[in-house]
Amino acid sequence: MDLKLKIWRQKNAATKGKIVDYDISEVSSDMSFLEMLDVLNRELTEKGDEPVSFDHDCREGICGSCSLQINGRPHGPDGGTTTCQLHMRKFKDGDSIVIEPFRAKAFPIVKDLIIDRSAFDRVQHAGAFISVNTSGNTQDANATPINKGDADHAFDAASCIGCGACVAACKNASAMLFVSAKVSQYALLPQGQVEREMRVTDMVSQMDEEGFGACTNTGACEAECPKGISLTNIARMNREFIGSNLKS
Amino acid sequence: MKIGANFPAKTPEGPIEDKWTSYKNKIDLVNPANKRLIDVIVVGTGLAGGSAAASLAELGYNVKAFCFQDSPRRAHSIAAQGGINASKNYMGDGDSDYRLFYDTVKGGDYRAREENVYRLAEVSGNIIDQCVAQGVPFARDYGGLLDNRSFGGVLVSRTFYAKGQTGQQLLLGAYSAMNRQIARGKIKMYNRHEMMDLVIVDGKARGIIAKNLITGELERHSAHAVVIASGGYGNVFYLSTNAMGSNVSAAWKIHKKGAWFANPCFTQIHPTCIPVSGDHQSKLTLMSESLRNDGRIWVPAKEEDVKAIRSGALKPTAIAEADRDYFLERRYPAFGNLVPRDVASRAAKERCDAGFGVNATGEAVYLDFAAAVIRYGKEKALVTHQDANNEALVLELGREIIATKYGNLFQMYEKIVDENPYETPMMIYPAVHYTMGGVWVDYDLMTTVPGCYAIGEANFSEHGANRLGASALMQGLADGYFVLPYTIGNYLAKDIRTGAIPVDTPEFAAAEKGVQEQLERFINNKGSKPVDYFHKKLGKIMWDKVGMSRNGKDLKDAVEEIQAIRDEFYKEVKVPGDLEGFNEELAKAGRVADFLELGELFAKDALNREESCGGHFREEHQTPEGEAKRDKAFQYVAAWEHDGAPKDAKLHKEMLDYKYIEVKERSYK
């Protein structure tokens, strides 16, 4: 198929960017979206132009590197998938495709389609851990049985890949889904109880400091999350946060 | 163990089950106040690097950790699917440290160092305890206890898992431990930084030259020890299940600075990957080995059925049971679909080479869940007091169970192939997945460069010629959490009075200059072909001539062809953009330059090894049934010393003695 691509190009954080048009032909429907961009980049390089920079690594939907806003949707038109797992069979001959980076104040642009998501890392430094040393002397793994329901819910929350689609989908650029997934994982497990109150307070405070917006419960984050992280995590974090503040 | 007199493997004396304990009792320790005076660099933040960085920082060392990704959490360990082994014997099926040790040595076709493997088995249980304490959500049963499943090459259930995302959960666990230390200021994290070279001062590893991938600036970083945890080199094949950025460069740079590179030809070709779909393909996707717990592998028994399937006239589900060849169950009745990876891969290739491949290119076999769906569905119907003879109900219930076990893998398959694997069998074919070879290390995990360590997939030590499923995660975390934190102290104890290592020295300047010159050479080269052109060309030679099946003539050709591509690369490569700023093509050029050297050493090593063992199959050396034929004369680790160019690399042999395991024919029949 032949496609018209409208791609955000920006040299670096200090320079102004703009949308640039590219034509690409003979795209196979079996290609992934990023493989289509590989073809474009090969053509650009051969012509002596600079290729389009974008983040990508595992290309199997788990590392969370890829972060493209495609026709206005994080990770594009296919539900429950990352950009790297989006395939060109979801498009048709003659389509125009607008490709932008995820947009949020807390995710400044590095170059072209690459953004800086270190705000997510800093939120995690604030409390996304259980304080246990790797001494080899921890208790036996089966010493504390964990209700299967809690374990499964903790796993579901922990399956977040940290891509930032939730922030990109939200009109307020809120990071509540991301942060609540992490808070929930620990809040649901017995191992997470000791630091439970401090954790939620510290992580929420860092989240606010990073400039993410407030949550107005529109649910766009859940709808666009490639891993199906549930909104109930946000409800849980709100309870955790209120509980923690009441006690302090 | 014998290796060149200067570099003994330094394995401790005593009975094997006491070696690690007595070693720990005798090593030098560094007191807490002195640890604060010592810096350690860790390159790579996967399971090995992440766990090492966190543990060393907990101990009190000042850690500087580097990753080329935008966050440590994105290292490629994240993509590991199936599980992690540990000899907990929670299932009560007779598991023990010795059995895990035995299975690993046998699975590696008797080409691993006994002492290292025993230690790995010994600490395996601690890993699970540690991860649970960190909040890693492993799969549990209804009683709230941890669940296990089986992996290839063993007869017990010792694999702990978190759906098909075990690597992700373990890495996030290690990353959480890092977060705690980053917050304390004990780890200084350098994201989007690539190690460009190792700096050696007075014969010791004392730092690295790193490139800030955002600004393009070169930086000098010093430390009292350098730990390489940069993963494997499967991307030398261009197409592999590795991430796009996975590369050999950190390991190769230390090799060129004096670290010996061991067994480069030991590469794992994983049997269950999604087949190649076309020339545009940028990477291959693994379908976890855990699927072979429930999936049965087959091809049609009749050639006319193969033709009809390829033309689209026949669907696989329409082929009668009697007309299917479940070739693993036929050839290996004892282990069936759970034979080790090397064996399963070669068997699939044998059927496809014989003309029974089921896709258009003839390079695919089926992985079928129909029997498991019915088995699970019937059980669930009985347990829930429903009609177990109702076929539609049984199918529905069975598919639900399969979805809870492998849901994310089935979804991934459907996205890529556009077929529903709940209804039609998956198509799979072997692909490059893991490299058992790597930097040679002694019992302390130290390379032949004093103060430079290699851990995880980057080293060579535990898996011999073939790695068993779910053992890579175990090794990465064992090295990082429980082995290196002890062994490195034994070395650093002598460095407590050294003080901070300055970076304004001739050694740092010379290393930086070398890096700068190579980068300039790429940018100023007036070639016509992009980096990928050369990488693909190299990958094709590696796959065709140094892949699943090798012979002397092809290997000799491969050596020459790779040398020719390397010459062409330096003449013709075209790297767009500037030295400053983010430039992925420039980063790729440096990585491919290293693959072009490693590829040659890889072929040379395969040529030297005149035997078949594990993942290394020489056509000249096979039994009448087509199985790998080992040769006692090659019961050694081939450690290569760099001497100017891959063709001049010098071979050192670490002879392997097996005192605790009888070396037998490796049979899975």
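**Figure 1. Buried residues of helix 3 of chain A in the predicted model.** Helix 3 (residues 148-158) of chain A has the buried residues A:A151, A:H153, A:A154, A:F155, A:D156, A:A157 and A:A158. A residue is buried if 20 or more other C-beta atoms lie within 10 Å of its own, exposed if 12 or fewer, and partly exposed in between, with C-beta atoms placed from the backbone. These buried residues pack against helix 5 (176-188) and helix 8 (232-247) of chain A, together with helix 6 of chain B. Helices (H or I, at least four residues) and strands (E, at least two) are DSSP runs, numbered from the N terminus. This is a predicted model, in which local features need pLDDT of at least 70 and side-chain atom pairs count only at pLDDT 80 or more, while totals for chains, interfaces and linings use all residues. Residues are numbered from 1 along each chain as its sequence is written, and chains are lettered from A and ligands numbered from 1 in the order in which they are written.

**Figure 2. Contact between chain B and chain A.** Chain B contributes 65 residues to the contact, and chain A contributes 65 residues. Two residues are in contact if their C-beta atoms, placed from the backbone, lie within 7 Å. On the side of chain B that touches chain A, at least two residues each come from helix 3 (47-59), helix 5 (114-134), helix 6 (166-183), helix 12 (391-417), helix 13 (472-492) and helix 17 (584-608) of chain B. Helix 6 of chain B gives the largest share of this side, nine residues. The side of chain B that touches chain A holds 25 nonpolar, 24 polar and 16 charged residues. Here Ala, Val, Leu, Ile, Met, Phe, Trp, Tyr, Cys and Pro count as nonpolar, Asp, Glu, Lys and Arg as charged, and the others, Gly among them, as polar.

Figure 3. Chain A contains eight helices and seven strands, and its C-alpha trace spans about 60 × 35 × 35 Å along the principal axes. Of the 248 residues in chain A, 52% are buried. Strand 1 (residues 3-9) of chain A runs antiparallel to strand 2 (residues 18-24) of chain A, with seven bridges joining them. A:K4 has A:D23 in strand 2 of chain A as its bridge partner. Four bridges link strand 1 of chain A in the parallel sense to strand 5 (residues 96-101) of chain A, where A:I99 stands opposite A:I7. Two strands pair if DSSP finds at least two bridges between them.

**Figure 4. Packing of helix 11 against helix 12 in chain B.** The axes of helix 11 (residues 370-383) of chain B and helix 12 of chain B are 7 Å apart, and the helices pack at an angle of about 105°. Axes are lines fitted to C-alpha atoms, for helices over the stretch in contact, and angles run from 0 to 180 degrees between N-to-C directions. Helix 11 and helix 12 of chain B are therefore roughly perpendicular to each other. Angles under 35 degrees count as roughly parallel, over 145 as roughly antiparallel, 65 to 115 as roughly perpendicular and the rest as oblique. Among the residues that meet are B:A372, B:V373 and B:I374 in helix 11 of chain B, and B:L393, B:V394 and B:L395 in helix 12 of chain B. The contact of helix 11 with helix 12 of chain B comprises eleven nonpolar, two polar and three charged residues.

**Figure 5. Two open sheets of chain B.** One open sheet has three strands in the order 3-5-4, paired antiparallel. Strand 3 (84-85) and strand 4 (148-149) of chain B are at the edges, each with a single partner strand, so one side of each lacks a neighbour in the sheet. Strand 3 of chain B pairs over two bridges with strand 5 (residues 159-160) of chain B, in which B:F160 stands opposite B:I84. Another open sheet of three strands, also antiparallel, has the order 7-8-9 in chain B. Strand 7 (193-201) and strand 9 (218-222) of chain B are its edge strands, each pairing on one side only. Eight bridges join strand 7 of chain B to strand 8 (residues 204-212) of chain B, and B:H193 has B:N212 as its bridge partner.
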